[in-house]
Amino acid sequence: MEDRRSTAARRPGVRATAVVLLVIAVALAAYFVLSEQGQNLASRWGAGSTTQPADPAPVTAPVAGDPPIAETVGSGIPSQATEATIEYVHDGDTLFLDDGRKVRMLGINTPEIGDNLECYGDEATNLLRLLLPEGTHVWVIPDIEPLDQYGRSLLFIYRDDATNINLEMLRQGAAEVEMYSPNLLLQADIEAAESAAIAAGAGMWGAC
């Protein structure tokens with residue numbers, strides 16, 4: 001028969017072994033948990049990536065006094081534009097809206113009509129009436145100065161099909177460029193439209 005004292009002497013060794021095995025098991029479990037979390041994070045940031053996703057770019061507010069920017073929505077109409085309805089076209093660059101505003105179209109000047117009739121004045125007026133019949137729904141946008149010295153609203157006018165009527169009058173040779181600081185919105189487009197009309201001899205550039 002085995003000596004009880006020798007059996008009792010081995011028991012601390014057995015206990016120590018059990019403790020070591022328990023520690024190893026806990027360490028292995030912790031390793032697998034942390035490894036799985038790491039893989040999840042890697043899949044979020046991209047496999048093999050060592051950097052976190054970049055923060056979104058800061059939004060900068062416009063500075064007071066800056067000229068408006070003609071950002072467009074999907075339709076091509078500036079996002080700042082507001083709705084209006086044409087009441088009556090007076091001449092090639094002046095019209096009335098049904099809310100009572102008298103409008104002087106920005107960036108252009110057309111020949112005079114009436115007693116001071118100039119070459120292509122009637123043609124320019126007829127063209128604008130064709131482009132903007134009474135009752136036409138439009139979108140309008142001002143520049144820096146909303147009114148001129150006579151109290152007329154200074155506006156660019158867009159039809160629902162996104163046609164900029166100010167530019168269209170230039171393209172068809174029915175108007176020439178007339179711009180004054182600080183109202184310089186769309187200046188490059190305006191000057192390019194006039195240059196193209198002159199080169200093609202369109203409208204008054206070929207008739208007058």
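This is a predicted model: local features need pLDDT of at least 70, side-chain atom pairs count only at pLDDT 80 or more; totals for chains, interfaces and linings use all residues.
How many bridges join S5 to S6, and do these strands run parallel or antiparallel? Four bridges join them, and the two run antiparallel, where I count two strands as paired if DSSP finds at least two bridges between them. Residues are numbered from 1 along each chain as its sequence is written, and side-chain values use heavy atoms, with hydrogens and water left out.

Let me begin with the overall picture. The protein chain holds five helices and seven strands, these being DSSP runs numbered from the N terminus, with helices (H or I) of at least four residues and strands (E) of at least two. Read from the N terminus, the order of elements is α-β-β-β-β-α-β-β-α-β-α-α. Of the 208 residues, 31% are buried, and by that I mean under 20% relative accessible area, with exposed meaning over 50% and partly exposed in between, for a 1.4 Å probe and protein chains only. The chain exposes about 13300 Å², of which carbon and sulfur atoms supply 56%; these areas come from the Shrake-Rupley method with a 1.4 Å probe, and for residues only the protein chains shown count as cover. If we take contacts between residues at least 6 apart in sequence, 58% of them join residues at least 24 apart, a contact being heavy atoms within 4.5 Å.

Now to the sheet. It is a closed barrel of five strands, in the order S1-S2-S3-S6-S5, with mixed pairing. Neighbouring strands of this sheet are turned by 60° against each other on average, direction ignored; the axes here are lines fitted to C-alpha atoms, for helices over the stretch in contact, and angles run from 0 to 180 degrees between N-to-C directions.

Going through the pairs, S1 (residues 82-89) and S2 (residues 94-97) run antiparallel and are joined by three bridges, and a hairpin of four residues connects them. Tyr88 has Phe96 of S2 as its bridge partner, and Phe96 in turn has Lys102 of S3 as a partner. S2 pairs with S3 (residues 102-105) over three bridges, again in the antiparallel sense, and in their hairpin, with four residues between the strands, Gly100 takes a positive phi near 100°.

On its other pairing, S1 is joined by four bridges to S5 (residues 137-141), and these two run antiparallel. Ala84 stands opposite Val138 in S5, while Glu83 stands opposite Trp139.

The buried residues of H2 are Gly121, Ala124, Thr125, Leu127, Leu128 and Leu131. They lie on the same side of H2, because they cover an arc of only 160° around the axis, the arc being that of the directions from the helix axis to the C-beta atoms. Their cover includes S1, S2, S3, S6 and H3. Glu123 also has its place in helix H2, but at 42% relative accessibility it counts as partly exposed. The C-alpha atoms of Glu123 and Asp91, residues that are 32 apart along the chain, are separated by 9.5 Å.

Finally, helix H4. Its 14 residues (187-200) should span 20 Å at 1.5 Å a residue, and the end C-alpha atoms are 20 Å apart, which agrees; the expected span is 1.5 Å times one less than the number of residues. The buried residues of H4 are Ile190, Ala193, Glu194 and Ala197. These cover an arc of only 95° around the axis, so they sit on the same side of H4. Among the elements covering them are strand S6 (153-159), helix H3 (165-171), strand S7 (176-177) and helix H5 (204-207). The face turned away from that buried side carries the exposed residues Ala188 and Ala199. After H4 comes Gly201, with a positive phi near 65°.
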